[in-house]
Structures are given as structure tokens and as C-alpha cells.
Amino acid sequence: MTDNQTATPPLVSIFILSAAALAYEVLLIRLFSIIHWHHFAFMVISLALLGYGVSGSLITVFRRWLLDNYDSVFIANTLLFGITSILCYIAVQQLPFNALEILWDSSQWQRLLLSYLLLTLPFFFVANAIALTMMRFHQKIALVYGIDLIGAGIGAVSIMALLQIFSPDVVLRILGISGIAAGLFAMGLFTSGLSAPGNLSKRQKQITASVLLMCMFAIAMTPQKWLDLRMSEYKGLAQTLLIKDASLRFQHTSPVSQTDVVQSPLIPFRHAPGMSLQSPKGPPEQLAVFRDGDEMTTIDHVTDRASLEYYDYMSSALPYHVHSLPQNTLILGSATGAQILQAHLFNISQIDAVEPDRQLSLLITDQFADYYGWQHLEDKVTIHTTSSRGFASSEKNYDLVIMGPPGASAGGSVGVHALSTSYDYTVEALQSYLKLLAPDGLLSITLWTSTPARGNLKLFATAVSAMKNSGIIHPENNIAWIRSWNTATLLIKNTPLTAKEIHNVRSFNQSRSFDLAWLPGIEQHEANRFQQLQEPVFYLAAESLLKQPPDQFGGRFIHEYKYDIKPATDNTPYFNHYFRWSSLEEFLSLPGQAGISMIGVGYPTLLATLAQSAVAAFILILLPLVFVRTDKKEDANKRHNIIIYFLAIGLAFLFIEIAFIQKFTLILSQPLYAVAVTLCAFLIFSGLGSLYVQHRMKTESNAIIPVILRRSVILIGLITVCYVVLLPLISSMIMSLPETARITSAFILAAPLAFVMGMPFPIGLATLQRTRPHLIPWAWGINGCASVLSAILAVLLAIDIGFNGVMLCAVVLYFTAWLSQTKILSENE
């Protein structure tokens, strides 16, 4: 038999279990993007951490019994992770949750909370296994913690590879089976005698092995229809497939998106953003394309040049009428090729199209090339698979730089994208686009309009700020802004618009019955003539932004407007966030539910999720700790420093991690890639940091603990401040690199900070192990509670103070933890 001092922890099982749990977390983010909308990603991170926190409380309360039955409890938890990862997902799919009704239907909050709690269960069982192992093998806490983090980091990368090969439902089965396989590996170790004496008899081990294998087989044979994605009935794809005779022509799934192509022969699609009612022709036959069940674009069936004439009557055709003779055009976000066809209609000889989602480009160049007429375009069109920001570092200049309207979203008007970050419409982005222009070049950006006006006003404010930052002293002379019935097009030039160009804008508008929103020399009576609003809000916003002194940016109109339309920046990239607290009372006072629909669901959902997670964390994590018996009378007076320490590092770690996810979204262009790379890098290198602590404590005396902590906290502060200053300067260079190089660069950038961030937590546990070992799971629960809240708090703070501010808050928290740990150590001397 082996005693606890020399026993071998089930490290292979911990590695597999942690990898499966982290992969499951990333998979849920991907599935939620398809089923609902991807702004629920922060909730997935929060519920995973809730499971870890609840686990700490349970182990604290039932510590003795659980440790006495460690073998069977460990294996049971691996089994329950595998089972619940499937069953809880199936159960959540059955809940009729609708994010669009969350503000006026109280039952939606109950369903959201139930979903939250159900999906917490798999992570709860994983955390039980890991925390119990730390307690059982308390002399090797840092080793177990390091393997846990490294396994989770590998899981973040593995899930991306799995999603490249398999569909999400197959990946779900693989992860469930992997969790149970961890139990089999553990049982093999327990049987070998290398681990500490176990509590399972030979007969019990045989039965257990049989049960594990049967459950693995049951997961593999789960009926396909149980795992099929049940997309929200309010998403565009679900609504479109309700049309009679509408059918799915093509579907492709990748780690970053699900692409669906739909044909509707009976009721044809008529997708023509901003097309004038004066147009003599409508669009040709079209196929609808959906990304993650929403953001609809179309593929035109091009038979001859006449089928493209309707593009001349869109507001986005303005730059082709204003520029005297454009030779080359850059299209940012070409999607399924509508802007390419528009450029082709105006005989542009050289077209560069940028689209980060390769699958969308393949639709028009491969799967539906004949339908789209690619053979007539391929000689003059070059498609670049990269982000708009990445391509903007190019040194080439263009006569026209075009950004067409994004895909039509069924939930966009009610604010489901409010929490989505967008780096294509920030001040820094527009500055980079302006640098691409030839001497007389034009930058054209078209967006959907909304009532009341929001996004277009924010775009205008962002553009004015970008122009001033680029050295344009009088931007009012360089801008034209027009509005159709459902789109608005903004035209920007590095030099003042000429008299001829101004005349061309007026002529284009008049012939198509579009409204002027801004033009050099415009009078208020010229605005709001055709598509009449209650007041000329576009003109009033432009006048306020352009005619105020530099120290009063936006003027009274902008600061008193009912929505937040301040410029978006790379530090606060929430372009679709418009919520303003000062307008809440007015909106709620409107009759019926009219005001609720004007608020937008995104920000309130975030606040409600924070409230729900706080209540759940208090009830499930903190409340059970009240019943914990202490062995020492002085514990009651000393615990507050322990609370401060583990609360602070729990908040700080996630603050920095969430900030890096967003900063890497800019570099990598795909949010899910950013999540996977950030989690992988932070977890692996944090795990290595923990192993370093284990090595130092093993080879040196316990006196080294305060030294390591002091150095790690100081390094965290210095590295974080360096990143806040340097990352904006090097991001443009990294974005221009190929995808593999960008991923590698992001991984390397995260390494040094993640390494030192992996030290404070195992140091805290090691200190407790020496002084108050019975409080280790209690500390685990406190840390878990902080982590649950931090994933949501980080987003709330970022909206107001930016991600740089969030990172600096984390530095303050780490220094607070250091001070509290110093007090803990002094109390024990």
C-alpha cells in the first residue's frame, strides 16, 4: 500500500477531465451562438465558474465523508460529468427560452435561470473531482492545480480541431465519453496500488467499470434527434424555413460559423438594402444565406448585366456617382458578393474584396459560382481571407473603399448585438481606412437605419472623431451623408469635397428620392424631405458634432440624446451598445410595451444575469459555508484576510482573461478563435506557473512563499501596464500576418503574463495547507464565487471604462491580495 505522502494523484484523469470541461465550455459558446445569439458567451463562462464555486462549498461541508470515500466519489463525478454534459444540454434545448421577450415576459427570466443552473451541473462534477484530489494529495496541490490548468488549456485548442472535423453534436458525444474515460484511467491507477489506499473492493471495481463502459456506449448511441440544434424560432433562418416550399440547399459547419443557404421558389427573396422606390427593376432571383441562423445576405442569380441595374438605385451606389473615374475599389466585408456585383456594374477594372469568413467567399467562387456568375468576375476580383482591420495595414491606395451594410439580423433591432464587440467601426478602424485612400479617394460606409436612430448617429460621431485624429481640421467640408428608407450611406474624403462632387451628391439624391443628412452648405430645410422623420435627427446630430468647439465634442444634442452614441474605440468596441440610464424612466413611462422595445435586450440581460449569478453564488457557494465548523477559535477573526485574498485574485484573473479575449478578437478577427487561444495560453502558462511554485516549495523552505508572491504580483503589474501601452502599437502589425502567425503571436503575447498569474492561487492554498487545511475548499469556494461574478463584471466595466481600465483594475486587485496575504502570514508567525 502507498501512504498519502508518496501516493500518486490521478494526474492523467485530471488532465483529461479538465480538457473535456474546458472544451465543453467553448462548445457551449459555439452552440449558444447558433441556437440564440453569441452575446450569451459571458453567461457560459460564468456558469462554468459557478459550478467550481458550488463544488468548493460542498466539499467544505462534507469534507470528511468525501475524503474517506475518495476513490468512489472521484469516479462517480467523472461519470456524472459525462452524463450531465449530454442530458443538461438536451434539457436546456427543451426550454422555450426566447431572448427577444426577456424584457416583457417574466417567465423568460425563470427559464434563463433554469438554463443557467442546469448547465452548471457538468462543471460542478468536474470541480468536485479536482478539488477533492487537491485535498487528498494536499502535499502536491500546486502539481495537481498545474496539471488541471494545462489540461484545460489543451482542451481549448482541441475543441477547435474537433469542430473542424466533426459537427457540434458529434463533438458533444466525444466530450461526454472523454469525461467518463477519465474515470476509467483513475480506476486503473487506484487498482494498481500507486495511489493511496482506496475504498473500492474488487467486486465494486468490476461493477464500476461495467457501468462506465455502458454509459460511454449509451452516449455514443444517443438518438440524433435529441442532440439536433433547436434554433430560436425568432432567428432569420427559422422564420425563412416557415415559408411554403422554402428548402435548405446547402449547409456547412466550422468552428467559427454555421452557414446555411436557402431557396424559396414560391415566394422569392427581394433583398435590396436601401433600394429607391424609383428603381425601374427589382433584384433578380436570389438565394438567402444565413450565418449562425441570422445575419441574412443573398446570392444573386446573375444572367446578364440588366439583372444588376437595381444596384444603381441603392444608397450604397453614391460613391460611384461622386468619384469622377474610379479605377480600383476595395470592398471590406464582401460577404456573399453584393458589393462586388455593384462595383462590377460600374465597370471597376480592379476589385479587392476582403472577407474573414472563407466559407462565405467559397459560396460565390465554388459552390454557387455558376449561379453567381463568377466566371465573369474572377479575372478582375481578388478575394482576401482576412479581417478588414488586418488588410487595412496594406500600403496600397484605392479610389474607393466600400463597406456595405452588414447582414440583416432578426434580433438586431431589439438590441441582441449590444454586447457584441466590433472592431470594424471604431475610431482607430476608420483612421486606418482613411489611410488606404488615394488623393481623391472616397470612403463609403452603409448601415441599416433604425427607429429611433442609433447606429448611424454613432457611426457619424465615430467618423468625425477619426477625421479629427487624422489631422482633418474641418471635417464638415469632407463629409456627405444620405438616407434612404432603410439604409444610410456615409461618404468621407481626406480632402474637401469639390463643387462638382457636391453637385453629384445632390443630383444622385434627387433622382432617387433619397434624403440629405449632411453635405457642405446644407440648410436644415433640405433634410428630411422624402423619408420623413418626426424631426431631422440625422441633420441635427451632424450639425451638433461638426459645429461645436473641439473641447465640447458632440454638443448638447449628443449629450442629451436618448441613446449613447459616443464614438466607439478599440478600448470600448461596443459599437451596438446604445443603452443610457438617463432614458430608462422615460422609456418605461411610454404606454403599453412600446418603451420596453426601445430599451434593447442586451444590456438589461447582462445586468439581470449578473443579479441571478450573484444570488446563485450566494445561495450555492457562500451560504453553505456558514455551517462549517472551525477547529480554532481565532479563525473567526482572521478569515476576512483569507476572503479578501481569494476574492481579489478570483476577480483579477478573470478580468485580465476577459480583456485579453477581446484584444485578441481584434488580432484574430474571429471571437471563438480569440476565446480558444486566450484560454489555451492563459491556462497552460498559468499551469506552468503553478508547477514552478510546486518546484520552488519542494526544493526550498516555506520562507520562499512570500518572496514568490511579491515578485509575481509586481511582475503582473509591470507586464499588464506594458501591454496596455504597447498592444495598440503592435496590433496593426500582427493583424497583417497570416492566420497561423497571428495565432502564434497571440499565444506568445499571453505567455509571460499568464505564467506569473498562475502563482498567487496555489501560493494561497499552500499557505492554508500549512495553517488551516480545513479551509482549503472554503477558499476554493470564495475564489469560485468571485470568478462567477467577474466574467460579467468585466463586460459591464469595459462598457464604461474600457478594457484597459478593466486590466488596471485587475492590477489593483492583485496588489490588494498581496497585502492581505502578508497579513495572513504575519498572523501565523
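The lining of the largest cavity in this predicted model sorts into 22 nonpolar, five polar and three charged residues; here Ala, Val, Leu, Ile, Met, Phe, Trp, Tyr, Cys and Pro count as nonpolar, Asp, Glu, Lys and Arg as charged, and the others, Gly among them, as polar. A cavity is a set of points on a 1 Å grid over the protein atoms alone where a 1.4 Å probe fits but cannot get out, and lining residues have an atom within 4 Å of a point.

The largest cavity has a volume of about 590 Å³, taken as the space filled by probe spheres set on the points, which are joined across faces, edges and corners. Of its 30 lining residues, Leu49, Tyr52, Leu149, Leu654 and Leu683 are closest to the centre. Which element gives the most to this lining? That is α24, with seven residues; helices are DSSP runs of H or I, at least four residues, numbered from the N terminus. Domain 1 (1-231) and domain 4 (647-829) each supply at least three lining residues, with bounds from an automatic or database domain assignment.

Let's step back to the whole chain. Of the 829 residues in the protein, 62% are buried, meaning under 20% relative accessible area with a 1.4 Å probe, protein chains only. Among contacts (heavy atoms within 4.5 Å) between residues at least 6 apart in sequence, 77% join residues at least 24 apart.

A word on conventions: residues are numbered from 1 along each chain as its sequence is written. Side-chain values use heavy atoms, leaving out hydrogens and water.

Note on methods
Predicted model: local features only at pLDDT ≥ 70, side-chain atom pairs only at ≥ 80, totals over all residues. Buried < 20%, exposed > 50% of the residue type's maximum accessible area, 1.4 Å probe, protein only. 1 Å grid on protein atoms, 1.4 Å probe; cavity = no way out; pocket = protein on both sides within 12 Å on 5 of 7 lines; lining within 4 Å. Helix = DSSP H or I, 4+ residues; strand = E, 2+ residues; numbered from the N terminus.
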